Amino acid sequence: MKQKMSRITAIVHRDLTESVISAFKKNGILYYHLEQGRYPVLAKRGVWFLDFYQNQSIIDTPVSIFEILCEEKSENFLLALIRDSAELNVPGHGSVYSESIDFIGETPIGYTFTSKEKREPIGFTGLTGIFCVLPRGSAEPIARLVLQNGIAVPTISFGTGTGLRDRLGLLRITIPKEKEILKLVVHSSDSEHVLDFMIEVGRLDLPGRGFIFEFPVGKGLLNTKVSLEGPKQAASMDQIISALDQLYGNMDWRKKSNQFRISTRHRNYFEGVNLVLNCKEEMMEFVTSALRKVGVTSSTISLNRLSHTGNTDSVFTPAREVATVLIPKKNLTEVIEVLNEIQYFSSSFEGIAYTMEIPRAFSYQSKKSKSK
């Protein structure tokens, strides 16, 4: 059984974490997932002659990444609540956006948020998210180019990978297990161009370099602070961009497609679904091993915490593992059958699963399949 829901993702400066959590408690939001990450921003340029713009270093800003599942009718309430509690109108405070998901199985009591209070729609539409998995230490060159071109402010977190590395025997030492997960949200008209240059810079057409896909975003309010350069006028560029967003009521004016070099390479993109699995810590390896028998050979696993704001004990174990699994849509039914066989949704795993449509994805395997 599938249920349509919304996933709200909020990335806020770590100093604002308690303010957001307090708002959750006051408004009856019982469960939320929390993960630590970082926002890279461009450092101030020096005064030396050789300190060119392209050599500008990056400073990492610590952020808290919240995820909440809610009924679709409660989406606007949550977006507004997070906007107000974290003051997201201020550049550098963070971002919030929504995605449509298909929840698999019965919904645990209290896990998804429902609000009877109606709010006016907020946030900008016409957005696309990009999710990229890279070897540890490889995200910074992409982040620098993204920031220098004013495309978006990326978020970076950590994970571990399975897949090609596990099938190389002694040669697996050449492909590090530790991964960096880079996510950003851009205007939809720019997504293909951004996807293409991220593949080139990240060398994702080589074995073991990871994978990348885009995902639809419903509505969002995005961080505009790309640099620590101080304003030389009454308002900084970040504040001007934010004000123009509000003035136009959309982000169409920010399109950058004409500024990108259009690649002459044909990318062999493929469609699929992003299956998100969330269960007790130290249980995910068993799950991913079971899925290999139906051809699911790669995934990226990260850690987060499932927090509970109620007065009674949580029905979930707080320490969690999350697997991002990209699969063809036709394979989803047999994947769910395997999850049921191993009793993934029982108290032994405390398993949660949902999917999102992936219109375009790329990996070394997709390039390889083209040549066959």
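**Close-up views of cavities and helix contacts**

**Figure 1. Strand E7 in the lining of the largest cavity.** Strand E7 (residues 178-187) supplies the largest share of the lining of the largest cavity, namely 6 residues. The model shown here and in the other views is a predicted one. The space in the largest cavity amounts to about 580 Å³. A total of 44 residues line the largest cavity, and those closest to its centre are Thr9, Ile11, Glu67, Tyr97 and Lys183. Divided by class, this lining comprises 23 nonpolar, 13 polar and 8 charged residues. The count of cavities of 30 Å³ or more is 2.

**Figure 2. The second largest cavity and its lining residues.** The volume of the second largest cavity is about 30 Å³. Its lining consists of Tyr31, Tyr32, His33, Glu67, Ile68, Leu69, Tyr111 and Leu306. Two or more of these residues come from each of strand E2 (31-42) and strand E3 (58-70). By class, the lining of the second largest cavity contains 6 nonpolar residues, 1 polar residue and 1 charged residue. Glu67 belongs to this lining and is also among the residues closest to the centre of the largest cavity.

**Figure 3. The crossing of helices H1 and H2.** Helix H1 (residues 17-26) and helix H2 (residues 75-86) have axes that come within 8 Å and cross at roughly 140 degrees. H1 is therefore oblique to H2. The two helices form a right-handed crossing. On the H1 side, the contact is made by Ser19, Val20, Ala23 and Phe24, and on the H2 side by Leu81, Ile82, Ser85 and Ala86. The contact of H1 with H2 has 6 nonpolar and 2 polar residues, with no charged residues.

**Figure 4. The packing of helices H3 and H4.** Helix H3 (residues 139-148) packs against helix H4 (residues 191-202) at an angle of about 145 degrees, and the axes are 9 Å apart. The crossing of H3 with H4 is right-handed. Pro141, Ile142, Leu145 and Val146 of H3 are in contact with Phe197, Met198, Val201 and Gly202 of H4. By class, the residues of this contact comprise 7 nonpolar, 1 polar and no charged.

**Figure 5. The crossing of helices H6 and H7.** The axes of helix H6 (residues 284-291) and helix H7 (residues 332-341) cross at roughly 130 degrees and come within 10 Å. H6 and H7 are therefore oblique to each other. H6 and H7 cross in a right-handed manner. The contact brings Val287, Ala290 and Leu291 of H6 together with Val335, Val338 and Leu339 of H7. The contact of H6 with H7 is made up of 6 nonpolar residues, with no polar and no charged residues.

Key
Residues are numbered from 1 along each chain as its sequence is written. This is a predicted model: local features need pLDDT of at least 70, side-chain atom pairs count only at pLDDT 80 or more; totals for chains, interfaces and linings use all residues. Side-chain values use heavy atoms; hydrogens and water are left out. On a 1 Å grid over the protein atoms alone, a cavity is a set of points where a 1.4 Å probe fits but cannot get out, and a pocket is an open set with protein on both sides within 12 Å along at least five of seven lines; lining residues have an atom within 4 Å of a point. Grid points are joined across faces, edges and corners, and a volume is the space filled by probe spheres set on the points. Helices (H or I, at least four residues) and strands (E, at least two) are DSSP runs, numbered from the N terminus. Ala, Val, Leu, Ile, Met, Phe, Trp, Tyr, Cys and Pro count as nonpolar, Asp, Glu, Lys and Arg as charged, and the others, Gly among them, as polar. Axes are lines fitted to C-alpha atoms, for helices over the stretch in contact, and angles run from 0 to 180 degrees between N-to-C directions. Angles under 35 degrees count as roughly parallel, over 145 as roughly antiparallel, 65 to 115 as roughly perpendicular and the rest as oblique. A crossing is left-handed if the near helix is turned anticlockwise from the far one by less than a right angle, and right-handed if clockwise. Contact means heavy atoms within 4.5 Å.
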